[in-house]
Amino acid sequence: MASPRTITIVALSVALGLFFVFMGTIKLTPRLSKDAYSEMKRAYKSYVRALPLLKKMGINSILLRKSIGALEVACGIVMTLVPGRPKDVANFFLLLLVLAVLFFHQLVGDPLKRYAHALVFGILLTCRLLIARKPEDRSSEKKPLPGNADEQPSLYEKAPQGKVKVS
């Protein structure tokens with residue numbers, strides 16, 4: 001049976017991956033929701049206006065929105081379908097994207113309700129990354145003693161020898 005750690009990682013990976021595929025698709029096309037798509041267009045125009053450095057670099061609102069959307073879709077697909085280390089890399093990129101989006105929201109002065117979802121999903125991405133990068137707990141595995149591999153040591157053999165000093 002799978003460990004609770006593995007179940008948690010898989011559940012978070014699939015849920016987060018599907019969420020970012022959905023959100024990235026909304027940024028790329030109006031087919032899912034015309035209202036959400038036009039809201040994304042408006043928001044990204046305000047982000048570029050608030051950060052003139054982007055315009056100096058030749059990045060307009062369309063390029064910014066489409067590149068972030070494409071990265072969200074790609075990383076979401078990796079989080080959902082690809083096993084192993086690439087999930088952690090996708091998780092890291094999505095966490096960087098969430099931090100950038102939070103920065104943009106703060107820059108334009110959006111109220112908390114406009115970016116609360118980004119905070120929540122940033123926390124979930126952080127939790128998933130921490131759980132995935134934590135080494136497996138090996139304390140439950142039994143290690144054989146060097147002399148006798150078949151016998152288990154008794155409680156008395158494990159106890160420390162000598163006097164205990166109490167002050």
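Author: The following account concerns helix α6 and then turns to some residues elsewhere in the chain. The model is predicted, so local features need pLDDT of at least 70 and side-chain atom pairs count only at pLDDT 80 or more, while totals for chains, interfaces and linings use all residues. Residues are numbered from 1 along each chain as its sequence is written, and side-chain values use heavy atoms, with hydrogens and water left out.

Helix α6 comprises residues 112-133; helices here are DSSP runs of H or I with at least four residues, strands are runs of E with at least two, and both are numbered from the N terminus. With 22 residues at 1.5 Å a residue, α6 should span 32 Å, and the 30 Å between its end C-alpha atoms agrees with this. The expected span is 1.5 Å times one less than the number of residues.

Which residues of α6 are buried? They are Tyr115, Ala118, Phe121, Gly122, Leu125, Arg128, Leu129 and Ala132. These residues lie on the same side of α6, because they cover an arc of only 125° around the axis, where the arc is that of the directions from the helix axis to the C-beta atoms. An α-helix has 3.6 residues a turn, so residues three or four places apart point the same way. Buried means under 20% relative accessible area, exposed means over 50%, and partly exposed lies in between (1.4 Å probe, protein chains only). On the other side of α6, Lys113, Ile123 and Leu130 are exposed. Cys127 has a relative accessible area of 35% and is therefore partly exposed.

The buried residues of α6 pack against α1 (4-28), α4 and α5. In α4 (residues 61-81) lies Ser61, which counts as buried because its relative accessibility is 14%. Leaving aside neighbours within four places in sequence, Ser61 is in contact (heavy atoms within 4.5 Å) with Tyr44, Lys45 and Val48. Helix α5 (residues 85-108) holds Phe103, which is partly exposed because its relative accessibility is 45%.

Over residues 114-131 the chain is 100% helix and 0% strand, with end C-alpha atoms 28 Å apart. Residues 89-108 are likewise 100% helix and 0% strand, and their end C-alpha atoms lie 29 Å apart.
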